[in-house]
Amino acid sequence: MEIVVCVKPVPDAETRLRATSDGTRLDPEGVKFVLAGYDESAVEQALLLKESIAGSRVHVVAFGPAPRTEEVLRATIALGADQATWVDSGADAGAEPVRAARAIAGAIASAPHDLVLCGKQANDDESGLVPAALGELLRVPEFSCVVDLRWDSATSRFRFQRPIETGVESWSAPAPLVVGLQQAWNDPRTAKLPAILKSRKAAIGKVAAASASSESRVVAERFELPPPRTGAKLIEYKTPEDAAQQLVRILREEAKVFP
Amino acid sequence: MPDFSLTPEQESLRDLARKFARAEMAPQAAECDRIGRFPEEIYRKAYELGLMNLNVPTEYGGSGLGVVDQCLIVEELAHACGGMTTSVIANCLALEPILLGGTPAQKERILSPFCAKYQLASFCLTEPSGGSDAGGLKTRARKDGDQYVLDGEKCFITNAPHASLYTVFATVDPELRHKGITAFVVPRSAAGVTPGKDEEKMGHRASSTSTVRFEGVRVPATDRLGAEGEGFSLAMRTLDQTRTPIGALATGIAQAALDHAAAYALKRQTFGKPIAEHQAIQIKLANMAQAVHAARLLTWHAAWTIDHGAKGTLESSIAKCFASDAALEVADEAIQTFGGYGYMKAYPVEKLLRDAKLTQIYEGANEIQRTVIARELLQKYA
């Protein structure tokens, strides 16, 4: 089975973020980029499928600028991916999702793909649009928020579930298929030191994003960080009842949560 | 000017160690310290990720890293727990005499099966009567045909109760002092090898330390490392290689102390503002940051020197001595920043002081490091 995984470098959750000087987007200067959390689950799922289906290959594709995109692809090779393709976005790191999907679809369309796995959304822009756009662009059925994805060799169909607010849906579908995976329903592995060293020498395929895909009609106008949190208020109390009474008074009179 | 930036490869190695330290080591550090538990499941995971036999070439199943790369990893591990780090890197110390003194055939025969699965090894030099005076060690090795018979006792041996392999320094003739010392590889399974009970220690309580007794232990001459009388030089050359990562271990403890102190200083309020806004605390934090930074740079420089083929005795002694003194000072100031809370076991900084203390003592006490530094220094002026 030919499994394609689409990944995105996103800012490490521990990085201190700031806006660019024109205030329109995140300033990437000094930011450490890592594999998005949902994408970690997608890579893990791809490797699990590869290990369970003889003759399978995992091909990871990412769209973005140097050097972060190449670094994230190397991380997936260290985890066990067989092939990596970097679709170079040039300097434009903040490409909107459908444009990113066009660039990625361009790279996938010419490569074998029985299954295209994505994280259901990226941890930075949270748009969740790329899997759906990929399905459309590749003319392949797409499901998002998927968990428990398996290949049923008896029927040659994928079987998977979607936990939704009112219950759990169970589906099956034939290849090819695009899937947006829910985060952390599997336990992503850690790359081992020898594999990390070996991944430094791996060849990363590089393709330029198709020029027709670089036109955009949408404009990012403003990017603001959440306001800094103000100090917590500590209640000094003698008994739990006393604490509760004070808390209710504060919620009612100061925070005005209750009338 | 030298280049202090890390390569992407080094960044990846550091990220791996940081991730492992935070996910696996840090959550267990306080509990292992409190009850003195040897968390073998963590050491096994460290082995599986390739974080254990760092200095052993890949052809023998190790990770094949240079000293700079080892230091990057060791600092990250020690940030989470100095004691666990001591146990994780003890194999590097124990196996280094084989790397330096073993023949290619010995390396293939001993290292390859050893590194092929999770196993621990211990470096057995120190004896109850002394560690720094290694020339005066008393463990005897008597030649008997094509074997040696070992008799004696070693003490303060890291990982000894759990190890399957020991590198042992013994004398073929105490009259010869340094020139009688000879190194051997001894499996735990050899008749007459008895590790003692785990010592109760002040710090590094997730690590295991005991005596090892050798009573009539028969060792084939093929398990001797180098020639008779070459053991002292082999031990010293081993410590030249492994001393610098102890500087990194101390730096990791010091960085953890600074991180805890700075985070606490921003939260803790006195006189209506965070204590980080009081100049007394700012001066403390600034001094701590200088000590950590200097410790790290001295360690990196010593490691770089050795990776470039020099012996690095002076540089590694300076790095180990300075970084371990810095770790004690910074941990002490972290406790002072926490005030009364810092003295309580419920907070993380008092452990750092206890862990830092050992770095001034083991792998060459700092008094010996200063003796070495002075000797190397004075040679340049003589």
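## A tour of the chain A sheet

Select Trp151(A) and Phe158(A): in β8(A), Phe158(A) is the bridge partner of Trp151(A). Strands here are DSSP runs of E, at least two residues long, and helices are runs of H or I, at least four residues long, all numbered from the N terminus. Two strands count as paired if DSSP finds at least two bridges between them.

This is a predicted model: local features need pLDDT of at least 70, side-chain atom pairs count only at pLDDT 80 or more, and totals for chains, interfaces and linings use all residues. Residues are numbered from 1 along each chain as its sequence is written, while chains are lettered from A and ligands numbered from 1 in the order in which they are written.

Click Ile164(A); its bridge partner in β9(A) is Gly167(A).

**The whole sheet.** Now show every strand of the sheet. Nine strands make an open sheet with mixed pairing, in the order β9-β8-β7-β10-β6-β1-β4-β5-β11 (chain A). At the edges sit β9 (167–173) and β11 (205–208) of chain A, each pairing on one side only. From one strand to the next, the twist averages 30°. Angles run from 0 to 180 degrees between N-to-C directions, with axes fitted to C-alpha atoms, for helices over the stretch in contact.

**A parallel pair.** Select β1 (residues 2–7) and β4 (residues 57–64) of chain A. Six bridges pair them in the parallel sense. Val7(A) has Ala62(A) as its bridge partner in β4(A).

**The helices.** Contact means C-beta atoms, placed from the backbone, within 7 Å. Show helix α3 (residues 97–109) of chain A. Helix α3 packs on the sheet and touches β1, β4, β5 (83–88), β6 (115–119) and β11 of chain A. Its direction makes about 145° with that of β4(A). Then show helix α4 (residues 130–138) of chain A. Helix α4 lies across β1, β6, β7 (142–152) and β10 (177–181) of chain A, at about 70° to β7(A).

**The contact with chain B.** Nine residues from chain A and 11 residues from chain B make the contact. On the chain A side, helix α5 (residues 193–199) gives the largest share, four residues.

Notes:
Contact = placed C-beta atoms within 7 Å.
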